[in-house]
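Today I wanted to look up how the strands line up in this one.

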Amino acid sequence: MMQELAMHILDIVHNSIRAEANSITVNVFCKKNEDICGFTVIDNGIGMRADVLDKVLDPFFTTRTTRKFGLGLPLLKMTCTMCDGEFSITSTPWQKTEVIAKMKRSHMDTPPWGDLAQTWMECFHAFPLGRLIFNFDFDDQKVVIDSDEIINAIGDRELCHDSAVLIQLRDYVADQITPYLREESYEIIERFTAHS
Amino acid sequence: MKSLSDLQRIRDEAKKRVSMREGNQEYRIVVGMATCGIAAGARPVLTALVEEAAKNNYPVTVTQTGCIGMCTLEPIVEVFGPQGDKTTYVLVDAKKAIEILEEHIGKGKVKSVTF
């Protein structure tokens, strides 16, 4: 089971990487007034035909050969439905494949965000040759992390994957998004104490 | 690091470190990070490996891969030596990952793990 939304994001981004995408966009959003939170992952990889798209939410379907089932998408769908949310997946091969996961923000079972900066680092690390854009959209606060900008500023693609550089980049992303997430976690604590 | 302009400094530091390592034989460490790996706790393992490698400047490149094929034994860490030899560690956690770096990369000994 995935205990955090950050884990789900990482898992879905890994699908995009395996689909040979060269551009991946992740939108992470949380809107208090609409009471929704969730994320979308958009890539331009190999995509899926309509018949495959029908089967992709079946846990006993996978195209890989190392094991006989694929649980990433079914687990995410389960989380979304469990939390009064929506889940959808659409695909146009080599153009746009989009996974949308939305949850009710105030629902008891909606998982916490988890370490989003860590997830960013892991996605960036696993996807060295493409362009990875993370849009964080938290109410009025918007943060965009574009891997091309970072690589241009460093000027050396290979150096970006040095362990020490990765950690500093992760801390940079954490600095950008932490103020909001801190506020968010206080709210979660309040929500739980109110229930108990 | 507070802003992207600090990247210049980071780049210079990293270049210096990488050149210090040159001449040393490079190891490659691969962590399985598919659904099975993530669910079993591969994220803290990867974090520990990256942080520890950075701290001690070990001659390693840490990379991620998808499902290695033995989901019940995740988190799996594979170490590829400079001579092309491969060692597979299974059921790894953050603590074991650090031990692997110390013993295998640091001292060149293959660490056997008991269950």
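Predicted model: local features only at pLDDT ≥ 70, side-chain atom pairs only at ≥ 80, totals over all residues.

I started with chain B, where β2-β1-β3-β4 is the strand order of an open sheet of 4 strands with mixed pairing. I took its edge strands to be β2 (60–65) and β4 (86–89) of chain B, each pairing on one side only. From one strand to the next I noted a twist that averages 20 degrees.

My terms: strands (E, at least two residues) and helices (H or I, at least four) are DSSP runs numbered from the N terminus, and two strands pair if DSSP finds at least two bridges between them. Angles run from 0 to 180 degrees between N-to-C directions, with axes as lines fitted to C-alpha atoms, for helices over the stretch in contact; contact puts C-beta atoms, placed from the backbone, within 7 Å.

Residues are numbered from 1 along each chain as its sequence is written, and chains are lettered from A and ligands numbered from 1 in the order written.

Next I turned to chain A, whose open sheet of 6 strands runs β3-β4-β2-β1-β5-β6, with mixed pairing. β3 (86–92) and β6 (141–146) of chain A each have a single partner strand, so one side of each lacks a neighbour in the sheet.
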